[in-house]
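Hello,

Here is the structure I promised to pass on. Have a look at it first, and then read on for what turned up.

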Amino acid sequence: MNTHPHPLSDKPKHDHRRLGRELGLFDTDPLIGAGLPYWLPDGAAVRHALEEYIRAAERRAGYRHVYSPVLGKRELYEISGHWSHYSDDMFPPMDLGGEQVVLRPSLCPHHAVIYRSRSHSYRELPLRMAELGGMFRSELSGVLGGLTRVRAIQLNDAHIFCTLDQVAGEAAAALEMIRAAYEALGIGVARYRLSLPGPGGKYVAAPEMWERSVALLTDVLDRSGLAYEAAEGEAAFYGPKIDVQVVDGAGRESTLSTVQVDFHQPERFDLHYIGADGAKHRPVMVHRSIIGSVERAVAHLVEAHGGAFPAWLAPVQMAILPISEAELPDAEALLRQCGERGLRAEIAGPERGTLGARVREARLAPYQAVIGAKEAADGHVALRLRDGRRLAPLSAEEALAGIAAGVEAYAGELWDGVN
Ligand SMILES: [Zn+2]
């Protein structure tokens with residue numbers, strides 16, 4: 001059982017750092033270091049639900065998951081181009097017995113190497129490789145705060161190795177996964193941005209490659225019917241991107257999701273597949289992230305919902321409120337039933353104050369189950385929904401079945417006893 005320190009004050013309402021601390025989601029400690037937040041149990045529950053949503057969506061969409069280490073030899077990043085184009089954002093290398101090892105700034109090089117480790121036929125393409133993996137960015141300490149600028153990042157990443165003909169379809173499918181995820185998460189897109197290279201030396205010099213990949217992504221956007229704006233200077237060093245922009249409570253815009261086309265790394269890592277003609281061909285890499293970094297996604301969700309997450313994401317999905325000590329055994333039985341159904345619940349018993357005070361304290365829980373003498377005698381619960389609606393007493397079995405069905409479907413609406 002945990003106690004959420006309440007009530008939440010009202011200003012500024014949408015600061016994920018303050019909410020994160022008040023709701024017991026995450027925190028930082030100077031001894032661990034700036035930009036290195038840790039996750040408390042309730043925050044870890046939200047993060048776990050989010051990660052599982054992503055993995056399940058990826059499995060359904062034909063992705064296979066891999067794990068790769070967060071370290072790699074300096075040479076790996078010299079080949080990928082990170083060393084020459086991105087080293088300002090990388091941690092300094094560590095010397096290990098004559099070798100230099102680097103905390104990785106992205107997952108792409110590892111995935112390219114994993115692809116290269118086996119020979120591939122054109123029949124295996126598009127080959128979709130996904131990982132929720134750690135990466136690192138040497139942010140200056142002055143800009144760190146909460147979960148939006150961190151030095152250790154858990155990235156929802158995937159790379160699709162495919163033929164040129166398959167790029168548009170894969171990019172469009174990724175945009176559709178992003179749309180579905182935002183609907184389940186209850187968040188909105190501020191704008192779609194076609195991120196192009198700009199002046200300066202941070203981009204790979206290959207004009208023909210840029211022209212081809214920009215044309216591909218422009219075509220995907222035009223066909224999607226989505227309104228978008230082009231922005232110079234926002235591309236990755238190896239290729240253009242479709243960035244999905246969100247706006248936080250303070251009106252600041254940032255990129256959450258992205259779809260990128262890359263001809264550069266397949267070249268650098270000498271990737272190939274065997275075509276129908278028996279000859280070697282170069283695949284294209286589509287990089288895509290549905291929710292971007294888990295840290296930034298949770299920061300955005302905290303601010304967008306003010307802590308009142310969709311039920312499937314809520315750290316506590318049901319608060320169980322026995323009216324008196326006499327109903328505690330029934331509350332405990334309901335808690336066990338919740339656990340058996342995979343629902344996250346906790347009991348707020350009479351030792352925590354009056355029923356009114358406990359209802360207020362648990363007001364971010366999507367469901368509250370009140371158990372009085374009458375409900376206990378009948379094996380019923382009286383459900384209160386977070387939005388204030390109250391349902392007629394119903395059997396615990398029925399209530400939990402309805403709630404669990406909504407959670408499993410990633411429903412945005414609360415279950416109201418109707419279906
Ligand atoms: Zn990548």
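**What I found**

Leaving out residues up to four places away in sequence, alanine 369 touches Met318, Ile320, Leu321, Leu334, Val381, Leu383 and Ala399 (contact means that the C-beta atoms, placed from the backbone, lie within 7 Å).

A note on the basis of all this: the model is predicted, so local features need pLDDT of at least 70 and side-chain atom pairs count only at pLDDT 80 or more, while totals for chains, interfaces and linings use all residues. Residues are numbered from 1 along each chain as its sequence is written.

Ala369 also belongs to the largest nonpolar core, which has 91 residues; along with Ala171, Val286, Val298 and Met318, Ala369 touches the most other members. Such a core is a set of buried Ala, Val, Leu, Ile, Met, Phe, Trp, Tyr and Cys residues joined through C-beta atoms within 7 Å. Buried means 20 or more other C-beta atoms within 10 Å of a residue's own, again placed from the backbone. Helix 6 (residues 167-185) contributes the most to this core, with eight residues. The core lies between domain 1 (16-305) and domain 2 (318-408), because both give residues to it. Those bounds come from an automatic or database domain assignment, and the domain centres, taken over C-alpha atoms, are 40 Å apart.

Eight strands form an open, mixed sheet in the order 3-7-8-15-12-11-9-10. Its edges are strand 3 (64-65) and strand 10 (228-232), each of which pairs on one side only. Strands here are DSSP E runs of at least two residues, helices H or I runs of at least four, both numbered from the N terminus; pairing needs at least two DSSP bridges between two strands. Strand 12 (residues 253-262) and strand 15 (residues 284-289) are antiparallel partners over five bridges, and valine 261 stands opposite valine 286 of strand 15.

Helix 2 (residues 41-60) lies across strand 3, strand 7 (127-136) and strand 8 (152-162), at about 160° to strand 7. Angles run from 0 to 180 degrees between N-to-C directions, with axes fitted to C-alpha atoms, for helices over the stretch in contact.

Happy browsing!

Technical notes
Two residues are in contact if their C-beta atoms, placed from the backbone, lie within 7 Å. A residue is buried if 20 or more other C-beta atoms lie within 10 Å of its own, exposed if 12 or fewer, and partly exposed in between; C-beta atoms are placed from the backbone.
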